[in-house]
Amino acid sequence: MDKQTIVAPMTPNGVSAVAAIRVSGTQVREVVKALFGENAVAGLKSHMAKLGTAKWPADVAGGCKNLLPNGCRAGATIDSLLYLYFEGPNSYTGEDVLELYPHGNPLIVRDLLQACRMVEGVRLAEPGEYTRRAFLNGKMDLTQAESVADVIHSANRSELENAHRLLGGALSKKVAALTAQVKDISARLELDVDFAEEEADPDYAGWETRFVGIRQSVQDILNSFRGKAEVGRLPLVVLYGAPNAGKSSLVNALLGEDRILVSDIAGTTRDFVEVRLFLDGGEIRLVDTAGLAEKAADALDALSMEKSKQILAEADLKILLVDSSDEQLTVNNEQLLPDNVSSTVILSEAKNLSDVGVRPDLVLYTKADLKAAEQSRGTGIPACHPREGIPTCHPREGEDLESLSISSKTGVGLTELKSVLNARLFKNRENSEDLWITSEREKACLEEALAGIDRVLTQLRSNPAVELLAFEMQIVRRALQSITGEISSEDVLQSIFAGFCIGK
């Protein structure tokens, strides 16, 4: 392992209230001395935060030249900040570690990185190098190291909980138990090989049951595999409906900002617009589509509606927006309230809009504030009445379309809408003990172990030579040991950690 001391920011580029920088290696104390002085080194205590003023180092190798466009001055202040020292091996990497928490000005972060590098033997860290050192120093096994990236990049709560279980060693314990069983059997077989010429053929009666049990355990873990593309895919929610139904206004209201252009002119949205919305369960993709009309106004309008149909076909949740103040919601000159609108009417409307023929998963009656205004003036018919404080319009008997009355202007129904989306898109995994793997490398190792066990079972049933059994068990054992990194190669480690961000 490279013995040089490494430094890198732990926080992304950009302005923030506080940034974080990590230094790890044998030169940590020299970095403290260079930034904060001799007294700071003398007063270092592990796991204790201190406030100090970091200054440009003096009398260190390399001098101050070429640090900044206009040079620098030794002893000049870089920033007043908190710093925290972790004495190895009681640190993330197992080495001496220094964490700096300066103000989040990119100029300050850049200067601190450069000041640290002025100390001899200190260089910038490579992607994933901190976690790699943690693995090499025995702070975690390879499955735990891989799960660090999953913890950082999890897009929903269930994925995050699974990543934390992996980081906590849940998979490691399962694999360790299997490896211990295989090692025990393998040791017995190796012993039989050594004394094969001196003893009668060994009796393997009852071994098949043991192998079948091991095989099932491996298969169970393998069956839990979920590819990163599958797990990391964000749920897609598509809003659709007639022009000027309030789709863009709803997106802006849910985001709490004017992300999409809104006007009273029907057809303002020409192309579908995708945004990200954070719910309690995780992040979703929310798409605002061009309004669907019975007839396209022009070629561009026709193209917009066609793209709306295409994105609807991919949706995990299709939400039809209906303007509750629209005069078209009338039958025999009587205006229909959301409570009175049957699913048949809604589905007919959706089909008539542009022959979409898409059954909505949820119907939203928009512009509830306009209905309330009509009611206050004594005109029109009251909007859907809230039930138990929730403005939900429940389906009529025999119908299964859930609906909700909302107002993007006043916020009525928006909290309830988010709750519905969260419940529909993210399963409740509270107290769940389910565990799945996402690493292709771990999957390949499990498949290799499974194939080896199958060959052993086949040989057991045909009275094989003990040497063949011992050889196959070595393959199974190595495959399982490779999962946790008990056996690993430089190429494997490079492949794993190259995908990490710098600073982790």
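Predicted model: local features only at pLDDT ≥ 70, side-chain atom pairs only at ≥ 80, totals over all residues.
Visitor: What makes Cys 116 count as buried?
Guide: The relative accessibility of Cys 116 is 1%, and buried means under 20% relative accessible area; Cys 116 therefore counts as buried.

Visitor: Is Cys 445 buried or exposed, and why?
Guide: Cys 445 has a relative accessible area of 10%. The limit for a buried residue is under 20%, so Cys 445 is buried.

Visitor: How many disulfides does the model contain, and by what rule?
Guide: The rule asks for a pair of cysteine sulfur atoms within 2.5 Å. By this rule the count is zero.

Visitor: Why is His 47 called partly exposed?
Guide: Its relative accessible area is 47%. Buried requires under 20% and exposed over 50%, with partly exposed in between, so His 47 is partly exposed. His 47 sits in the loop between helix H2 (38-42) and S4.

Visitor: What makes the peptide bond from Gly 88 to Pro 89 cis?
Guide: Its omega is near 10 degrees, and the bond is cis. Most peptide bonds are trans. Pro 89 lies in the loop between S5 and S6.

Visitor: In what order do the six strands of the open sheet stand?
Guide: The order is S4-S5-S6-S3-S1-S8, with mixed pairing.

Visitor: Why are S4 and S8 said to stand at the edges?
Guide: Strand S4 (48-55) and strand S8 (122-124) each have a single partner strand, so one side of each is left without a neighbour in the sheet. From one strand to the next, the twist averages 25 degrees.

Visitor: What packs on the sheet?
Guide: Helix H1 (residues 28-36) does, touching strand S1 (5-9), strand S3 (21-24), S4, S5, strand S6 (97-101) and S8. The direction of H1 makes about 55 degrees with that of S4.

Visitor: How do you know that S4 and S5 pair?
Guide: Pairing requires at least two bridges, and S4 and strand S5 (residues 77-86) have eight, in the antiparallel sense. In this pairing, Met 48 stands opposite Tyr 85 in S5.

Visitor: How do you know that S5 and S6 pair?
Guide: Five bridges join S5 and S6 in the antiparallel sense, against a requirement of at least two. Here Tyr 83 stands opposite Leu 100 in S6.

Visitor: What makes S5 mostly covered?
Guide: Seven of the 10 residues of S5 are buried.

Visitor: How does the span of helix H3 compare with the expected value?
Guide: Helix H3 (residues 106-117) has 12 residues and reaches 17 Å from its first C-alpha to its last, close to the 16 Å expected at 1.5 Å a residue. Its buried residues are Ile 108, Val 109, Asp 111, Leu 112, Leu 113, Ala 115 and Cys 116.

Visitor: What caps the N-terminal end of H3?
Guide: Asn 105 does: one of its side-chain oxygens lies 2.8 Å from the backbone nitrogen of Leu 107. The cut-off for a polar contact is within 3.5 Å.

Terms used. Residues numbered from 1 in each chain as written. Heavy atoms only, no water. Helix = DSSP H or I, 4+ residues; strand = E, 2+ residues; numbered from the N terminus. Axes fitted to C-alpha atoms, helices over the stretch in contact; angles between N-to-C directions. Contact = heavy atoms within 4.5 Å. Buried < 20%, exposed > 50% of the residue type's maximum accessible area, 1.4 Å probe, protein only. Expected span 1.5 Å × (residues − 1). Polar contact = N/O pair within 3.5 Å; in protein donor to acceptor, adjacent residues only side chain to side chain.
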